[in-house]
Amino acid sequence: MQKTRCALAVGLAMMTGVAWAVVPQVSPEVQKATETIYKDPVMQKMLTELMSDENAQFRFNTHMEIARIASPSRSEMRRAEEITRRMVEEWGFDKKDIMTTPEGIIEGAGIQIVDGLPVYNVCVRIPGTYSQEKGAKSYKGQFPKVLLEGHIDTVNPAELPPASNPYMPVKLQKATEAIVSTPEQLAAIKDELHFDKNGKIIQDENYKKAYKRYASLEDAQKKGGYRIYVPGFADAMGNTTGVMTAAIMMKKYNIKPVYDIWVCGTAGEEGKGNLDGMKQLYGYNQDTGKGNNALNFVANFAADSTRPGSGTLNYLGSYRFEIKYTEPAGYKMGAADAPSALMAMSRSIAKIADLKTAWDTDKKAERTTYTVGVARCDDAAADGRSRSCTLMVDMRSPTQGPLSEIRSRIEPTFKAAVDEENAKYGLKTGDKNAVKMDLVWFGDRPAHQRKNFNDIVTQIYWQTAQTVGIDQIKELRTNASSLNDNVPAAVGVPTVNFNVHTVAQSGGGHTFNEWGIPGNGQDEGKRIFRMVLMGLTAAGYNTSTGEVVQPTADPIGARTTEDMY
């Protein structure tokens, strides 16, 4: 197996707050493996199909059909169910290769429940040959796996709609018109895509308006193109449709990797999803901040970014708290004589405002930030007081040390504030007439700053761009982002996040009016092929001519704990 080498980095250190630029050293083994797989006749047939107009149209149709299924974080079951159905009934997969259940269970996963709720991942396996080899290595019975993934949850709608109306409308607006600014304006658009009773897109006059591909927004405006509104158009169902297409192509062309390849639509990337999909896959316990990687993933390739080019290599960590202060029910004392939920919340905000990080005083230090994102109270009771108030606090840093340090100073303010408010009225927290504090939700995205920019995934990411001839750049940027990949990276599994979905333009991410215009279909096909090539270079490949390209990733994945929770 190819071992990684010492990283070669060029530029300014991230610790100064300025991103490095890196050029990885690609080993001869990785270069040869990538090019051999690329040249295989079956792989070339796959590339030809992916670049065809027919496959581009299939991707668009699938994208629209699945994106319209409402899929808020922690309620992705309907979208997961439909993808699973298509895998078996339309895309040729055997039921035994579906690795997830409708109840949210993955056999062998190191964790099954996150934040007290099931996890609605949908994963399919492309079986490898490694387990049949003499001397094959495994971790507690789990043979090595490579993961290709994209997330299936969207920000909007925030709540799962009733089963009687599970779909979001897909609205069409001329690209020359102003982007809608209110839900009412969006609802008033008359043109929309139509679907039959089986959820398949109807290729009518409106379809002809929507399905045209353009080089840019300006190109669409000149040629009478249309803007398509649907939550998840860009973030991230366009990419995830590409990921699923990668699985379809590997199945269709009978691709046989050496290690298993898992292709997953993951849950919980957005909002309060808390990265639950990846936490299940990697056995990450947010109480300990460690992951057991019980399934033994050895490399992680993710499609989430909305911009082609440099992938994400570093991961911005965050802690988020939702704290609720509540006055006792039926408390009859006058407003002037009783502790206040509003005042308890305000005391915590005041304490947080007085805290400083190193970056606050020295802009050359690592940028660690925090904010009170939301402070709200319930409607006032008859006596003019709100009985409960909620505080949401977000803190972020590129590395775990500063993130943990600011958390250690912010978290105690929540209880200190309620204790002070109660003490003002001669009460102790916990007394009958005292204000109480509850942790409603805790969000954990572990930080990770790559130490080795020549790890196997970075080498593969760089080399595949050169081999396929797509998204070639002079150097990789190492800016940190907050993504699904925070989890595998923190667990130690080499990971990269990049873009496959190709648009002329998109906008409105994380809002009700998310929109996009289809872009270059051939480039999109190349990007999907590149993702397949990445996975096979890491996992190894049994070529159509009988040659075996050995895996470049080691067979035992990284982990930060041996505990099986």
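Student: Which strands does helix α12 lie across, and at about what angle does it run to β14?

Tutor: Helix α12 covers residues 400-423, where helices are DSSP runs of H or I with at least four residues and strands are runs of E with at least two, numbered from the N terminus. The helix lies across β14, β15, β16 and β17, contact meaning heavy atoms within 4.5 Å. With axes fitted as lines to C-alpha atoms, for helices over the stretch in contact, and angles running from 0 to 180 degrees between N-to-C directions, its angle to β14 is about 5 degrees.

The model is predicted, so local features need pLDDT of at least 70 and side-chain atom pairs count only at pLDDT 80 or more, while totals for chains, interfaces and linings use all residues. Residues are numbered from 1 along each chain as its sequence is written, and side-chain values use heavy atoms, with hydrogens and water left out.

Student: In what order do the strands of the four-stranded open sheet stand, and which are its edge strands?

Tutor: Two strands pair if DSSP finds at least two bridges between them, and in this sheet the pairing is antiparallel, in the order β15-β16-β14-β17. Pairing on one side only marks the edge strands, β15 (369-377) and β17 (436-445).

Student: Which residue of β12 is the bridge partner of V146?

Tutor: Strands β6 (residues 145-151) and β12 (residues 297-303) pair in the parallel sense over five bridges. The partner of V146 in β12 is A299.
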